[in-house]
Amino acid sequence: MTQLKNDTFLRALLKQPVDYTPIWMMRQAGRYLPEYRATRAKAGSFMGLCTSPDYATEVTLQPLERFPLDAAILFSDILTVPDAMGLGLYFAEGEGPKFERTLRDEAAIQALEVAPLEKLQYVFDAVSSIRRALDGRVPLIGFSGSPFTLACYMIEGGGSADFRHVKAMLYARPELLHRILQITAQSVTAYLNAQIAAGAQAVQIFDTWGGALSHAAYREFSLAYMQQIIAGLTREVDGRRVPVIVFTKGGGQWLEAIAGIGADCVGLDWTTDIGLARVRVGEQVALQGNFDPNALFGSPASIEAEAARILAAYGHGSGHVFNLGHGISQFADPAHAGALVDAVHRLSRQYHL
Ligand code: CP3
């Protein structure tokens, strides 16, 4: 395998010395880029992009051609796993993801089986193809949804404002939800290990909806399953550690607990003070985040000031991967994203002397 030309991201995840704070942006390949929209039109649909290793490679590299980002992230979606479990994923225009079948009755839940990895071969082919195209430029991140976040979509059948069906099951029939989470956790473990085998150099677990749970339910229904996944992951390839990032949106009040499940890095949204977060997690983990994605709607000057504030709040030393606190908006100005990347690279050097 080619030697990495820029391993700043991997070093920061392991709290090893770096020259500057590395940055990537969640959803960095996406609709805010006109070149993404052009490739998507050629592919015919979002799933057309995901299932073609050539298109997936092309759009993964698009943000790296524009900005000097320190990591690439596999172009795919968290919902490929429930799709492989037979739920029938589709994207209704302007409505977000939907499933043809939902998991609401006992019979459907009893029939659920671990995702057959051969149905996800297109993802592993995309990982290998992206690694070849990157040629060691920056590391490639693989990813998956958390079992709880995937269960939300599998039970609701799509996005939801109140998680009515999920919460009904959690409180009235917790054993059914636990069965879904257990099978999904096994699927995710094998899925991430296959991404790592295909060439992913770090992996992130997206727990987008864990923050919708009560204090007690978060540990039982989300955190415990992420801990189980992490315990089953391949952590070293060719003598190099494969870092794991866990990101619960809205998880700021549970940072100590999240830092204790075996990941190398904990993602922060924008509602937590990163300086206090660093004190709370201590030496256990690195931190990723925590720029408000909607701060990109400000001006280049306000974007720079906000980046400076976060860098100063984290302070001196390694262990911070700069990122947005959630995905970049489709309405963000690409020039503003570029201003953020430049500001982070320029302003962070003083903290790594
Ligand atoms: O970060 C990246 O650049 C990698 C690609 C990536 C996508 N989705 C591409 C995508 C990643 C890491 C995801 C994760 C994902 N998908 C999450 C977790 C992170 C988060 O944002 O909370 C979730 C909840 C999903 C499910 C999903 N996929 C939703 C809710 C939607 C529709 C909402 C939206 O933003 O359009 C998608 C579609 C999707 N996934 C798009 C992209 C670029 C937009 C599809 C399009 O081109 O129309």
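Which residues line the largest cavity? Point 5 takes this up.

1. **Basis.** This is a predicted model: local features need pLDDT of at least 70, side-chain atom pairs count only at pLDDT 80 or more, and totals for chains, interfaces and linings use all residues. Residues are numbered from 1 along each chain as its sequence is written, and side-chain values use heavy atoms, with hydrogens and water left out.

2. Strands here are DSSP E runs of at least two residues, and helices are H or I runs of at least four, numbered from the N terminus. Two strands pair if DSSP finds at least two bridges between them. An open sheet holds 7 strands in the order S1-S4-S5-S8-S9-S10-S11, with parallel pairing. S10 (residues 286–291) joins S11 through 5 bridges, in the parallel sense. In that region Asn-290 stands opposite Asn-323 in S11.

3. **Hairpin.** S2 (residues 89–92) and S3 (residues 96–99) run antiparallel, joined by 4 bridges. Ala-92 faces Gly-96 of S3 as its opposite residue. The hairpin has 3 residues between the strands, and Gly-94 takes a positive phi near 75 degrees. Strands of a sheet pair through backbone hydrogen bonds, in either sense.

4. **Largest pocket.** A pocket is defined on a 1 Å grid over the protein atoms alone, as an open set of points with protein on both sides within 12 Å along at least five of seven lines; lining residues have an atom within 4 Å of a point. Volume is the space filled by probe spheres set on the points, and grid points are joined across faces, edges and corners. The largest pocket contains about 1,300 Å³ of space. It is lined by 42 residues, and the closest to its centre are Arg-27, Arg-31, Phe-46, Asp-77 and Phe-91. H2 (34–43), H3 (46–51), S2 and S3 each supply at least two lining residues. S2 gives the most, with 3. By class, the lining has 21 nonpolar, 14 polar and 7 charged residues. Nonpolar covers Ala, Val, Leu, Ile, Met, Phe, Trp, Tyr, Cys and Pro; charged covers Asp, Glu, Lys and Arg; the others, Gly among them, are polar.

5. **Largest cavity.** A cavity is a set of grid points where a 1.4 Å probe fits but cannot get out. The count comes to 1 cavity of 30 Å³ or more. The largest cavity has a volume of about 40 Å³. Its lining is Thr-21, Leu-311, Tyr-314, Gly-315, Gly-317, His-320, Tyr-351 and His-352. These divide into 3 nonpolar, 5 polar and no charged.

6. **Backbone points to check.** Most residues other than glycine have a negative phi, and most peptide bonds are trans. Gly-289 and Asn-290 are joined by a cis peptide bond, with omega about -5 degrees. Asn-290 belongs to strand S10. Arg-27 has a positive phi near 60 degrees and sits in the loop between H1 (8–13) and H2. Asp-238 also has a positive phi, near 50 degrees. Asp-238 lies in the loop between S6 (236–237) and S7 (240–241).

7. **Exposure.** Buried means under 20% relative accessible area, exposed over 50%, and partly exposed in between (1.4 Å probe, protein chains only). Arg-27 counts as exposed because its relative accessibility is 56%. Asp-238 counts as exposed because its value is 75%.
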